[in-house]
Amino acid sequence: MIVMPGSPQKALATDDILSLIFETLYQESTSYRIIAPCSRVNRKFHAAAHRWLWRSLPHLMPLVSLLPEDAVEVTPTSATLKRPLIQPDWKKFVEYGRCVRTIAHNDAPSTPYRNCPQIDPSILLAIAMHWPHTSPLPNLVEIQWSTGTKRGALGLLPFCTPSLRSVQFVIKPGLPAPVMDSVLERLANQSGLESLTISSRPHATSPVSQSALDTLLLKQRRLKKLDLSFDSPVQSHILPTLLTLPNLQVLHITLRDMDALRAIPPSEVNPRMPSLEKLWVIGSPSATSYFIHNVNIRPSHTLAVHSVDYEAEHPRVSGLAPIFHAIDTFPSRELTKLDVMVSHWGQGEIENPDDYAMPSRLLEPIWEFSTLITIRLDLGIPLMLTDADVRRIVTALPNLQNLNLGAEPRYTHDDFVPGMTLATLVTISTHCRYISCVSLFINATKGFEAYNPLVHYDSPLVSLNLGRSWIESHYEENVAILISDVLPNVENPQYTIGDEEEGEGFEDDNTQEVDDDDEGTAEDHADPHCQATMTKCWRNVHLMLSVLRKVRRLERQRIAMSAER
């Protein structure tokens, strides 16, 4: 806070000053280590500090530990109820509960909290029975709840307070549908809700009913963020209600039922949900493109599409094209982030030659968005982009910070040769003033002639992922020299060889190991782009990079010392 000389200032009492101090300390990542000792200074410090120490709880256990020892048995692994709880037992629970603003619960975490026992559902049920209509945490603002049991879901109900603004509910397998309806009904009565997330674990059957979700959306008109990332046809059927939310800014939705989408009358005049800034869509390419184009959804800042083709075993260019055609119809050219990812259930071979790679002409609508700062195109197949195409991209998008052009295509063909070369790295270094992260699938055996050792390169790029890029032993030295000079701030480039194992940073403890005694088969030696050969090449590049970095560092130190003399 800036204090102007001579201007009247508000007189602050001791409590106000302490509150400001702890509010500042709370912003630090190590706030608990700093504030906890302060709470033991004196009574005033304790009263002010404990409000911040209890403000955000990663688990319910701190509150459960306030219950009497003869009522709750706590072991290193669990907390269970020994006897029914009576009114005096809740005194400290209520006292400290007033300070809590954020809380989380997971009845079966994949990674258990350190030194935190698992809470028995009987304790959650006791809380729900003691507060059937009110809440023990009257000032709660945000809650994260993950459960797959009836008692675990019912344990959420007492924490649905009028002050609640954000709810994240993760559905696990086994949760009964009637219980889920009760949770949605209770959430529907929270008039101040601004952010709602209902998600499910992969392959979990969603118990969310259309009527309960419809009712919730009809009542929650103040919602600004809605994340419905559970896999169910229900989402397509509640779209008519969802599209009427006036203040929605962020939407994450899964679309499965194409017939339900077609039942929505097209909006040809004004985009629906005019406040929408960010849109994440999970669905088939046809459903996604129909939702964007015909339903007329136009996010102003972020468009993220995770297209899941449930029928095709491999990417099809004909199936992906409608998505980019829909993007081309955007009336607004203010998008700042575009993320398109394609997944497929199968691992079938690509038979049609036209489906081996994504033609650059289909991607041209993207380059019209001059405001883009982040692009991620993970289409499963390589992009047919050349060095000239990349030059067009970076020229058209001067503010790029993150560029991912599919560094790790999952479907390739023996006849496909990457069109981007080392010249692309030189182009990015010289044209992108704000770039920080780049992921590319290049042919590292070509393009070295674009490098000029007399030019001073000062690219801000710090993260480089070369994915499954091609390399041969004859070009290891060229690649190392170019990366070390053209991209001076990239310490550890990344690459991926093979289908399952990754090499990160060319480091021996992260890279795929290739034993010197196992140099591959005769067929491997005949193919310079086999896994074993390219892994060995990238390891050699890493070693050369380490030496070059050290030499350049010593040279800079020598120049600095000479300048001081």
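A salt bridge here is a side-chain nitrogen of Lys or Arg within 4 Å of a carboxyl oxygen of Asp or Glu. By that rule, the count comes to 7 salt bridges. Keep in mind that this is a predicted model, where local features need pLDDT of at least 70, side-chain atom pairs count only at pLDDT 80 or more, and totals for chains, interfaces and linings use all residues. Residues are numbered from 1 along each chain as its sequence is written, and side-chain values use heavy atoms, with hydrogens and water left out.

**Charged pairs**

Side chains of opposite charge can pair when their charged atoms come close. Here are some of the pairs:

| Pair | N to O distance |
|---|---|
| Arg 222 and Glu 194 | 3.7 Å |
| Arg 376 and Asp 339 | 3.3 Å |
| Arg 376 and Asp 378 | 3.9 Å |

Let's start with Arg 222 and Glu 194, which meet in a salt bridge. This pair ties together distant parts of the chain, 28 residues apart: Arg 222 is in the loop between helix 9 (210-219) and strand 9 (225-228), while Glu 194 is in the loop between helix 8 (177-188) and strand 8 (195-200). Helices (H or I, at least four residues) and strands (E, at least two) are DSSP runs, numbered from the N terminus.

How accessible are these side chains? Buried means under 20% relative accessible area, exposed over 50%, and partly exposed in between (1.4 Å probe, protein chains only). Arg 222 is partly exposed because its relative accessibility is 42%, and Glu 194 is also partly exposed, at 25%.

Now for Arg 376, which forms a salt bridge with Asp 339 and another with Asp 378. Arg 376 sits in strand 15 (residues 374-378) and Asp 339 in strand 13 (residues 337-344), 37 residues apart, so to speak linking distant parts of the chain. Arg 376 is partly exposed at 28%, whereas Asp 339 is buried at 13% and Asp 378 is buried at 15%. Elsewhere, Asp 70, Arg 83 and Asp 89 are linked in a network of salt bridges.

Strands of a sheet pair through backbone hydrogen bonds, either parallel or antiparallel. In this model, 3 strands form an open sheet in the order 2-3-5, with mixed pairing. Strand 2 (72-74) and strand 5 (118-119) stand at the edges with a single partner strand each, so one side of each has no neighbour in the sheet. Two strands count as paired if DSSP finds at least two bridges between them. Strand 2 and strand 3 (residues 78-81) run antiparallel and are joined by 3 bridges. Val 74 stands opposite Ala 79 in strand 3.

What lies across strand 2, strand 3 and strand 5? That's helix 6 (residues 121-130), running at about 50° to strand 3. The angle is taken between N-to-C directions, from 0 to 180 degrees, with axes fitted to C-alpha atoms, for helices over the stretch in contact; contact means heavy atoms within 4.5 Å.
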